[in-house]
Amino acid sequence: METQQHISRQYNQELESVKSKVLKMGGLVEDQVEKSISALIEQNSELAKEVAESDYKINKIEVEIDESCAQLIAKRQPAAGDLRLVIAIIKVITDLERIGDEAEKIGRYTQKLTSMKDDVNMYAELSRLGDKVITILRDALDAFARMDVEQAARIAETDRQIDEEFDRVSRILVTHMMENSRNIKTMLHVIWCARALERIGDHSQNICEYVVYLVKGKDVRHIELE
Amino acid sequence: MINIEKREEFDIEIDKTVGKPFINDAKFSTRNVDVFYGEKQAIFDANIDIGKNQIIAMIGSSGCGKSTFLRCLNRMNDTIQDCHISGDIRLDDEDIYQKQQDPVLLRARVGMVFQKPNPFPKSIYDNVAYGAKLHGLASSKIELDELVEKSLIRAGLFKEVKDSLHKPGTSLSGGQQQRLCIARTIAIDPEVILMDEPTSALDPIATAVIEELMIDLSKKYTIAIVTHSMQQAARVSQRTAYFHLGYVVEVNDTNIVFTNPEHQLTENYITGRFG
Ligand SMILES: Nc1ncnc2c1ncn2[C@@H]1O[C@H](COP(=O)(O)OP(=O)(O)OP(=O)(O)O)[C@@H](O)[C@H]1O
Ligand SMILES: [Mg+2]
């Protein structure tokens, strides 16, 4: 966004360092989400366990970034674009952390599902939702890294598709539950996973909104992205 | 009006002042104001309104013309040899540079507080009473006493000095002296108070006291303050004007200037970047 450098080189470095930590956190989160989806769809209990037990890494880096932002505010009193960057970062990492939590949930539900050994075979139905979710997350992180407002605005459209896909999957799962009441407990876990995926889509959309705020200085959270 | 040669020095163009330089219900309006010191132009085509009962902050790096502009508003520049002003400056829609305008009367309406507290070498009482006497604002000793007390109270100094009104003004601390100068200014009951870096010589506590005072005073007076502290501008003012090399680059609501300025030069200045 800015091309000019601060008069204080130290300040430049501090901002750059926080930015790169956010990108690193984004990478970790993306990795967790990918793994959780694979674990779910392939019913891979090993991978599910790994995901469920790796969330602490994301939490740790979130705390680090929070700390750096607090120090930046106290020491530098950022203004204008710098201020918006710090605010956007604090918000982005909150959503990233939540996405991490959702991935962790998927990991745990998947561990349960693999131990239930019900032959529900609904996982293929989730793969389209999983694909869409991983795409929106990746695009959102990419828009943030490149401060790309146009991409960020486009992504809002994708979130609507995710909501539709979630509705479709829910209908199928509910129908299935009505037909096979023995499997209700299993199906509930599957629905919770779908719900977690849909939430990841929502958090990704939030990230896009912060990108618009950051670059344009406009809050688009509660209005439609044009 | 704009000096093209000068403008080419910028990487980024200053076409005209961006933001909201004009407002309804202006106390002061300046239009096409140029100021020269001899051959050297210090202000280029300043067009800006100052709102009634508001605080406007003027920011910008050293030498950009903030003090020069401020001094235009009460014709303090008249006292500087070689200083020439053209353009239109109106107070309540009246040209303050018209022939029949008496600069002394103008300065009673538009008071000024300086960077360095400059009490007269007189008692605290006389510092405040001096201007009021000069302008015949009190008809008796009792009235004058009341006026002095009222002004000191408004300036937030009365409690500290009520038992030592006859000590010299210079015996006070820097922060107290500055409040004494403010009391002296408001004793004349001006309509506008100009403040040129009024807290730059003060500690944070004394600064906070003066800032509170400014906010309080702005209910009754119109205030224009020059400051090098961005935080101060952000804290006290409703509007902010950013000056750069003699140009008014941007005037906007303070909230906007500090979160989302329109002009790249404003952004560079307030975020501490090379402009
Ligand atoms: N009395 C004067 N005679 C000649 N030139 C002057 C005079 N006063 C100011 N100038 C010039 O006019 C320009 C603007 O000066 P001014 O004092 O208005 O700047 P400023 O923004 O108040 O700076 P600072 O933040 O340092 O107080 C400067 O280039 C300065 O050298
Ligand atoms: Mg000055």
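Across the interface of chain B and chain A in this predicted model, the rule finds 1 salt bridge. The partners in a salt bridge there are B:Arg273 and A:Asp82, whose closest N and O atoms are 2.9 Å apart. The contact between the chains draws 14 residues from chain B and 16 residues from chain A. The size of an interface is often given as the accessible area lost when the parts come together. For chain B and chain A the area buried between them is about 1200 Å², of which 48% lies on carbon and sulfur atoms.

Chain A, considered by itself, has 7 helices and 0 strands, and its elements, read from the N terminus on, follow the order α-α-α-α-α-α-α. The C-alpha trace of chain A spans about 65 × 35 × 20 Å along its principal axes.

Within chain A, helix 4 (residues 80–116) is paired with helix 1 (residues 9–42), their axes coming within 9 Å and crossing at roughly 20°. Because the angle is under 35 degrees, helix 1 of chain A is roughly parallel to helix 4 of chain A. The crossing in which helix 1 of chain A passes helix 4 of chain A is left-handed, and the contact of these two helices comprises, by class, 19 nonpolar, 5 polar and 3 charged residues.

Helix 4 of chain A also packs with helix 2 (residues 45–52) of chain A, at an angle of about 145° and with the axes 8 Å apart. The crossing of helix 2 of chain A and helix 4 of chain A is likewise left-handed. On the side of helix 2 of chain A, the contact is made by A:Ser45, A:Ala48, A:Lys49, A:Val51 and A:Ala52, while helix 4 of chain A contributes A:Ala103, A:Glu104, A:Gly107, A:Arg108, A:Thr110, A:Gln111 and A:Thr114. Sorted by class, the contact of helix 2 of chain A with helix 4 of chain A has 4 nonpolar, 5 polar and 3 charged residues.

In chain B, helix 4 (residues 124–134) and helix 5 (residues 141–154) pack at an angle of about 115°, with their axes 9 Å apart, and the crossing of helix 4 of chain B and helix 5 of chain B is right-handed. By class, the contact of helix 4 of chain B with helix 5 of chain B has 8 nonpolar, 1 polar and 3 charged residues.

Key. Residues are numbered from 1 along each chain as its sequence is written. Chains are lettered from A and ligands numbered from 1 in the order in which they are written. This is a predicted model: local features need pLDDT of at least 70, side-chain atom pairs count only at pLDDT 80 or more; totals for chains, interfaces and linings use all residues. Side-chain values use heavy atoms; hydrogens and water are left out. Axes are lines fitted to C-alpha atoms, for helices over the stretch in contact, and angles run from 0 to 180 degrees between N-to-C directions. Helices (H or I, at least four residues) and strands (E, at least two) are DSSP runs, numbered from the N terminus. Angles under 35 degrees count as roughly parallel, over 145 as roughly antiparallel, 65 to 115 as roughly perpendicular and the rest as oblique. A crossing is left-handed if the near helix is turned anticlockwise from the far one by less than a right angle, and right-handed if clockwise. Ala, Val, Leu, Ile, Met, Phe, Trp, Tyr, Cys and Pro count as nonpolar, Asp, Glu, Lys and Arg as charged, and the others, Gly among them, as polar. Contact means heavy atoms within 4.5 Å. Buried area is the accessible area (1.4 Å probe) that two parts lose on being put together, summed over both. A salt bridge is a side-chain nitrogen of Lys or Arg within 4 Å of a carboxyl oxygen of Asp or Glu.
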